[in-house]
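Subject: A structure for you to explore

Hi there,

Here is the structure I promised to pass on to you. Have a look around it first, and then read on for what I found.

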Amino acid sequence: MKAPVPVDEPQRLAALRETAILDTPPEPEFDDIAVLASEICGTPMALVSLVDAERQWFKARVGIDRTETVRDASMCAHAVAGRTLLEIDDVAGDARFADSPIVTEQGVRFYAGAPLLMQDGHAIGTVCVMDHRPRELTGDQRRALRSLARHASAHLELRRYAARVVDAADRLRELDRLKDSFLASVSHELRTPLSLIRGYLEVLLDDDADPDTARRFLAVMSRNADRLLRLIDDLLLVARLHEDGLKLESTTADLSELAYQAAVTSRPLAEHKGITVVEHTGAPIPIAGDPQRLSQAFSHLMFNAVKFTPEGGRIAVATSGEDEPTLTIMDTGVGIPRADLPFLFDRFHRSSTSDVLAAQGSGVGLTIVKAIVDAHHGTISIESELDEGTTVRVTLPRGTSCG
């Protein structure tokens, strides 16, 4: 017979995992609990048992050589599901266990188990006792078994707390690493255009440059000034996101037009790298949103596509309004490592690809894109394979008309 599955099974298993106790070596704290349970209840067998997804594992045991059994043969699984003390005077007479190997092979005739209840109410195992003959616990023995279960639960709660502390410390160290990486990236992003502007200014101030050269220099200076302004705007936006969220000036816009403008704006930089940009935007697709913010998001996505697509590559921009308004940007770039995909929208995160390529960027671009899409109650997804390219899809709420 299959063991019962508690209604809180996913949360219960998560609580068990958080204790980080499964398959750990014996520990005196739990061994003592098993010994006391055996002595107080007068039984030859006792366990501190944890009920996992498919098995029952013994953290401490008395009178039993095995370290685990399958869950479906576990009486403790029934105690966990009931979340109260389970006592079976004669296991052989219980239809649930009469044919179980526990009875037929190990000769168990008596069982009593008190559940290990965590502070959030999830039962993850038991302190249990067993005997080879039918019997019954006294009232004092039942109270003692419940008390030992509470004692074991307290130890498990301490382990869970310790694991959380370690996890928090790891996250703090990671935040420190990200902060240092971010500061280094921003310093580089600021210093590079400023150095270029300063260098060209020094040449122009020498009064030796001819008008054509001066115009070329001024154009370069203008592009780098724009780059600085974009970086500063991004950093200010990220700061506002943290403080009071993103404010929109929502109206009805045309997704196809916004996508077309993002493609056109990125084309000069793409052509400079030898990358082809094609767009399939077609008929107007009305959406409800802030055109300025959406343009900012789409520009970030196009810049990323250009940045990570090598010479000779291709970027396709398409829109669709059949089901829900959708923007798709597909490139033939270097791709993103699978391990980086869950963290792409994290603030200041730079993928390992960015570091290998020494690519520009402060690590806030995709954070901003995600914030803008979320503020519009839309969705964004990224699919990527190394050396095969990346596909970004953005869906947005439909508007009434494009006017």
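In what order do the 6 strands of the open sheet with antiparallel pairing come? Reading across, the order is β3-β2-β1-β6-β5-β4. The edges are formed by β3 (68-70) and β4 (86-88), each of which pairs on one side only. On average, neighbouring strands of this sheet are turned by 20° against each other, direction ignored.

The average pLDDT of the chain is 85, and 87% of the residues score at least 70. Residues 355-359 have a pLDDT below 50, and this stretch makes 7 contacts in the model beyond near neighbours in sequence. Where pLDDT is low, the predicted coordinates should not be read in detail.

**Around the antiparallel sheet**

Helix α1 (residues 9-19) lies across β1 (45-51) and β6, and runs at about 80° to β6. Helix α2 (residues 28-41) packs on the sheet too, where it touches β1, β2 (55-62) and β6. The direction of α2 makes about 75° with that of β2.

**The mixed sheet**

Now move along to another open sheet, which has 5 strands in the order β8-β10-β11-β13-β12 and mixed pairing. Here the edge strands are β8 (276-280) and β12, and each pairs on one side only. From one strand to the next, the twist averages 10°. β8 and β10 pair in the parallel sense over 5 bridges, and T276 stands opposite R314 in β10.

Helices pack here as well. α8 lies across β8, β10, β11, β12 and β13, running at about 15° to β11. α10 touches β12 and β13, and its direction makes about 140° with that of β12.

**The nonpolar cores**

Which residues have the most contacts inside the largest nonpolar core? They are F298, L301, I315, L327 and V394, in a core of 36 residues. Elements giving two or more residues to this core include α7 (255-272), β10 (314-320) and β11 (326-331). The largest share, 7 residues, comes from α8. Apart from this core lies another, of 30 residues, among them I33, A46, L145 and L148.

I315 is worth a click. Not counting residues up to four places away in sequence, I315 touches several residues, including I275, V277, M302, V306 and I329.

Is I382 buried or exposed? I382 counts as buried because its relative accessibility is 17%, and the cut-off for buried is under 20%. You will find I382 in strand β12 (residues 379-385). Among the residues I382 touches, leaving out those up to four places away in sequence, are I336, L341, F345, L366 and V392.

Enjoy exploring, and do write back with any questions!

Best wishes

Definitions and conventions
Residues numbered from 1 in each chain as written. Predicted model: local features only at pLDDT ≥ 70, side-chain atom pairs only at ≥ 80, totals over all residues. Heavy atoms only, no water. Pairing = 2+ DSSP bridges. Helix = DSSP H or I, 4+ residues; strand = E, 2+ residues; numbered from the N terminus. Axes fitted to C-alpha atoms, helices over the stretch in contact; angles between N-to-C directions. Contact = heavy atoms within 4.5 Å. pLDDT = per-residue confidence, 0-100. Buried < 20%, exposed > 50% of the residue type's maximum accessible area, 1.4 Å probe, protein only. Core = buried A, V, L, I, M, F, W, Y, C linked by side-chain atoms within 4.5 Å.
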